[in-house]
Amino acid sequence: MTQCSVFRQIQAISPQPIAPTYTLCVSISPTNPSSAKTSDSGLPEPITLKTLKRMKRQGEPFACLACYDATTARWLERAGVHLLLAGDSAAQVILGHDRTIDMPIDFAIEITAAIKRGAPHTLIMADMPFMSYHTSLETAMTNAARFMTQGCADVIKLETDETFAPLVDRMTRAGVPICAHIGCKPQSSSVTGGPIAAGRTATQLDQLVRDAIVLEQSGAVLILIEAVPEEATQAVMAAVSVPVIGIGAGSACDGQILVVNDLLGLTDEPPRFAQAVDSFGNRLKEAGQQWVTRVSNRSIGGQAYSMRPGESEKIQSKSNTATPIDR
Ligand code: KIV
């Protein structure tokens, strides 16, 4: 039984609702997406941390994407994507802000649960937003609990360096699996004056390796490394044993992640490392244009509703018997 279904059961027997805003993690996905591996029972095998570890051992790269809603998650699960991130990039991609630090925590939890409902057999990682894990250990723990229970997250990602070791240790001991995001950290962009690549000098590379080692020792189950040269990635990979996910970190990583909008060609100015596989932006524009044309031609398509048998005649006879005043 998953943590979320346990939570639902507790809620069902509780005389008082535990928290009125808690979301139910009910799947809207088909029970057996064609691309998912099936177990002996014929049910799709869920992707877990064990799956990623096995893939790392076998040298099989795994695919991850940041996405933000149940429908997209459903299709990406059907595509065989192994891990979906409810990224704080939603602040930019969905809410139209310039920075990830504008991500509201309630929205982050909602989209995490939505993605889990859309892709129940995929490993779902949630980004804890800016300042939701920095002000005190207690607040960080309470917020992490919300992501695990309300958000139904399987893993939580924190933007970190070695100074976050005590927090990672405490969360891990409390049962929260942590992905330590190192390298370029978009939540710190205000300090650096914008997103900048990391690990480009020997000193920076040493720091990156130290961060990765300390965070793994503190319990991190995954490392995510952003915007670093291949040399830095290789040094980190050699230093840790947990799976390493890269974004703009070369091809050596165990897993690769991108923002789905960048992959689809929906982003006007994508980052240099993101190569789109399609130009959905243009396709969306064309679809919108076709709709404008259909509407203006009064040929909207689809199936019209019809009156129930015999009802049209009643309207007809009513209008025939109406007095001039009625008319
Ligand atoms: O929020 C995000 O999109 C990320 C990236 C690493 C994919 O954190």
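A helix, as the term is used here, is a DSSP run of at least four residues, and helices are numbered from the N terminus. The model is predicted.

The space that the ligand takes is the largest pocket. Around the ligand stand Ala66, Leu85, Gly87, Asp88, Ser89, Asp127, Lys157, His181, Leu224, Glu226, Ile247 and Val259. This shell is made up of five nonpolar, three polar and four charged residues.

In serine 89, a side-chain N or O atom is 2.5 Å from an oxygen atom of the ligand. For aspartate 88, the corresponding distance to a ligand oxygen is 3.0 Å. The side chain of aspartate 127 likewise has an N or O atom 3.0 Å from an oxygen atom of the ligand. Of the 250 Å² of accessible area that the ligand has on its own, the protein covers 95%.

Attention now turns to helix H12. This helix comprises residues 280-296, 17 residues in total. From its first C-alpha to its last, H12 reaches 24 Å, close to the 24 Å expected at 1.5 Å a residue. Just after H12, arginine 298 adopts a positive phi of about 55°.

Conventions:
Residues numbered from 1 in each chain as written. Predicted model: local features only at pLDDT ≥ 70, side-chain atom pairs only at ≥ 80, totals over all residues. Heavy atoms only, no water. Near = heavy atom within 4 Å. Polar contact = N/O pair within 3.5 Å; in protein donor to acceptor, adjacent residues only side chain to side chain. Areas by Shrake-Rupley, 256 points an atom, 1.4 Å probe, with all protein chains shown as cover. 1 Å grid on protein atoms, 1.4 Å probe; cavity = no way out; pocket = protein on both sides within 12 Å on 5 of 7 lines; lining within 4 Å. Sits in = over half its atoms within 2 Å of the grid points. Nonpolar A, V, L, I, M, F, W, Y, C, P; charged D, E, K, R; others polar. Helix = DSSP H or I, 4+ residues; strand = E, 2+ residues; numbered from the N terminus. Expected span 1.5 Å × (residues − 1).
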